[in-house]
Amino acid sequence: MARIAVVAGDGIGPEVVAQARKVLDAVLPGVQATEYDLGAARWHRTGEVLPDSVLAELAGHDAILLGAVGDPTVPPGVLERGLLLKLRFAFDQYVNLRPSRLWPGVTGPLGNVKPGEVDLVVVREGTEGLYAGAGGSLHRDTPAEVATEESLNTRHGVERVIRDAFARAGRRERRKVTLVHKTNVLTHAGSLWSRTFDEVAAEHPDVATEYQHVDAAAMFLVTQPQRYDVVVTDNLFGDILTDIAAAVTGGIGLAASGCINPEGAYPSMFEPVHGSAPDIAGQGVADPVAAVLSAALLLEQLGHTEAAARVNAAVAAELAGRTAGTVLRTAEVGDRLAAHAVA
Ligand code: NAD
Ligand code: IPM
Ligand code: MN
């Protein structure tokens, strides 16, 4: 039976993860889930963020389910870099998979797309780029202060994520990959990305390709989201574009993601695209659908295809039944989804 590590984390993380666990228990009775106490509370209590011993324990699981990380009482970056990015990097989760679809019953904010018309997946590079931590500062707290933050792009890192995007596109109906970058300005990294993209594309004559600058892609994601199938892009562009994609497909409360190590050398991690939402934490009003759909991605990754399909069907029914303006209670949505998924 699958062994899953659960890192509920901060803010609404524990609230939404509790619902994902209800649903997992419903579709996969006997699943072994172990909770790990990581995040703001542990940092305040002990000063620890992610001890090596815990990292080693997490490595022994089949997958990780994560809620959200980050808290206003903790300096920026301590948890985001020290916990979340440390996990993504340590477990070489270089495919940050972020699907976006317009579910039946959900309308986009502009009313320019119909359910079913949007079904895209962003393959965001997960271990490099501006997230690599290459940089530093000089003359801190003086008028001469200098800060640098460099984008790290390796041939190995770029090629493997582009290969994953093409392989995914080859298994989808529309078979199209859009490379998003900013090759007109970021010429060093841009050249590496586009040459590698062209090389891999040449091996996949059955997959259509296009290139867009990230600013144009941000616009088209809003005005014509239906034009995308698979989008491959770097770490920061992918971060920003997937919040936009979430907004045009029903909101951040529905957006799921997988931080995947495709080789299976390390556990993959599944988490909502959203954060800890301190503005609504503790109120029981967070939408748990993103966490539940992340659990469905986890099930798919572990080969429990039928269980994943049942979760997706439960979400489809839940969203089709929603009426605008109704107050949502996190636990009630979780109960409904679990009941639906088991039936
Ligand atoms: P956020 O995603 O937490 O919140 C943005 C807005 O979306 C807020 O108004 C929030 O209430 C709303 N929202 C988010 N999830 C929702 C849900 N499930 N249901 C209903 N509304 C929801 O982003 P932020 O405010 O920029 O960041 C807050 C903290 O979370 C920061 O510390 C940030 O670093 C962290 N963060 C963590 C992750 C993660 O763990 N993967 C992702 C993004 C941000
Ligand atoms: C996300 C978040 C993270 C990211 C932060 C919290 C490190 O915004 O998962 O989208 O930028 O990847
Ligand atoms: Mn983000």
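Two strands pair if DSSP finds at least two bridges between them; helices (H or I, at least four residues) and strands (E, at least two) are DSSP runs, numbered from the N terminus. What you see is a predicted model, in which local features need pLDDT of at least 70, side-chain atom pairs count only at pLDDT 80 or more, and totals for chains, interfaces and linings use all residues. Residues are numbered from 1 along each chain as its sequence is written, while chains are lettered from A and ligands numbered from 1 in the order in which they are written.

**View 1. Strand E4 and its partners.** Strand E4 (residues 95-101) pairs with strand E5 (residues 119-125) in the antiparallel sense, over seven bridges. Look for Asn 96, whose bridge partner in E5 is Arg 124. E4 also runs antiparallel to strand E11 (residues 256-260), joined by three bridges. Here Leu 97 stands opposite Gly 258.

**View 2. The two sides of E4.** In a regular strand the side chains alternate between the two faces of the sheet. Val 95, Leu 97, Pro 99 and Arg 101 point one way from E4, and Asn 96, Arg 98 and Ser 100 point the other way. Seven of the seven residues of E4 are buried (20 or more other C-beta atoms within 10 Å of their own, with C-beta atoms placed from the backbone), so the strand is largely enclosed by the rest of the structure.

Terms used. Buried ≥ 20, exposed ≤ 12 C-beta atoms within 10 Å, placed from the backbone.
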